[in-house]
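Please open the structure in the viewer and keep the selection tool at hand.

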Amino acid sequence: MSDLPNCPECKSEYTYEDRNLCVCPSCGHEWDKDAATTEVEAVVKDSNGNILHDGDSVTLAKDLKVKGSSTVLKVGTKVKNIRLVDGDHDIDCKIDGFGAMKLKSQFVNKVQ
C-alpha cells in the first residue's frame with residue numbers, strides 16, 4: 001500500500017508520485033509532497049469581526065428576505081446553537097417560529 005496522502009482538492013485516494021510532486025489523476029491537482037499537509041480550519045467571523053464557533057448564539061444584523069417565501073426575518077431575531085458549515089451560507093441553524101435556515105455570517109452579530 002502507498003503511504004501517499006489523499007488529494008487535498010478532491011480527496012481522491014489514487015494519488016501517485018512524480019519526482020518531488022504528488023499528482024491526483026482524478027482532478028489533475030499537483031502539490032509538493034514534502035510540504036506540510038496540515039489542514040487549516042476556516043475562521044468564520046460575524047459582521048463585527050468576532051470569531052464564531054459551533055453552539056454560539058447570534059442575532060440578525062439586518063432584515064433578511066427569505067427566498068421563496070413572503071416572510072421577512074427581522075433585525076434582532078435571536079438564533080441559538082448555530083452550527084458552522086462549509087459553503088457560501090456558512091451557518092446552519094433553526095430559527096424559532098420559522099424552522100431550519102442557512103445564513104451568511106456577514107449578516108449576524110455574536111451575542112456575548
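A residue is called buried when its relative accessible area is under 20%, exposed when it is over 50%, and partly exposed in between (1.4 Å probe, protein chains only). The model is predicted, so local features need pLDDT of at least 70 and side-chain atom pairs count only at pLDDT 80 or more, while totals for chains, interfaces and linings use all residues. Residues are numbered from 1 along each chain as its sequence is written, and side-chain values use heavy atoms, with hydrogens and water left out.

**First stop: Asp 56 and Lys 110**

A search of the whole structure finds 3 salt bridges, a salt bridge being a side-chain nitrogen of Lys or Arg within 4 Å of a carboxyl oxygen of Asp or Glu. Select Lys 110 and Asp 56, whose side chains form one of them, with 3.5 Å from N to O. Lys 110 belongs to strand S11 (residues 108-110) and Asp 56 to the loop between strand S3 (30-32) and strand S4 (58-60), so this pair ties together parts that are 54 residues apart in sequence. Helices (H or I, at least four residues) and strands (E, at least two) are DSSP runs, numbered from the N terminus. Is Asp 56 buried or exposed? Asp 56 counts as buried, at 15% relative accessibility, whereas Lys 110 is partly exposed at 22%. Next, display the contacts of Asp 56, where contact means heavy atoms within 4.5 Å. Leaving aside neighbours within four places in sequence, Asp 56 touches Ile 51, Val 79, Lys 80, Asn 81, Ile 82 and Lys 110.

**Second stop: Asp 88 and Lys 104**

Move to Asp 88 and Lys 104, a salt bridge whose closest N and O atoms are 3.4 Å apart. Asp 88 lies in the loop between strand S8 (83-84) and strand S9 (91-95), and Lys 104 in the loop between strand S10 (99-103) and S11, so the pair ties together parts that are 16 residues apart in sequence. Asp 88 is exposed, at 55% relative accessibility; Lys 104 is partly exposed, at 25%.

Now select Arg 83 and Asp 92, whose side chains meet in a salt bridge of 2.6 Å, N to O. Arg 83 is partly exposed, with a relative accessible area of 47%.

**Last stop: Leu 64**

Finally, select Leu 64 in strand S5 (residues 64-65). Leu 64 is buried, with a relative accessible area of 14%. Which residues is Leu 64 in contact with, leaving aside its neighbours within four places in sequence? They are Thr 71, Val 72, Leu 73, Leu 103 and Phe 107. The C-alpha atoms of Leu 64 and Leu 103 are separated by 9.5 Å, and the two residues are 39 residues apart along the chain.
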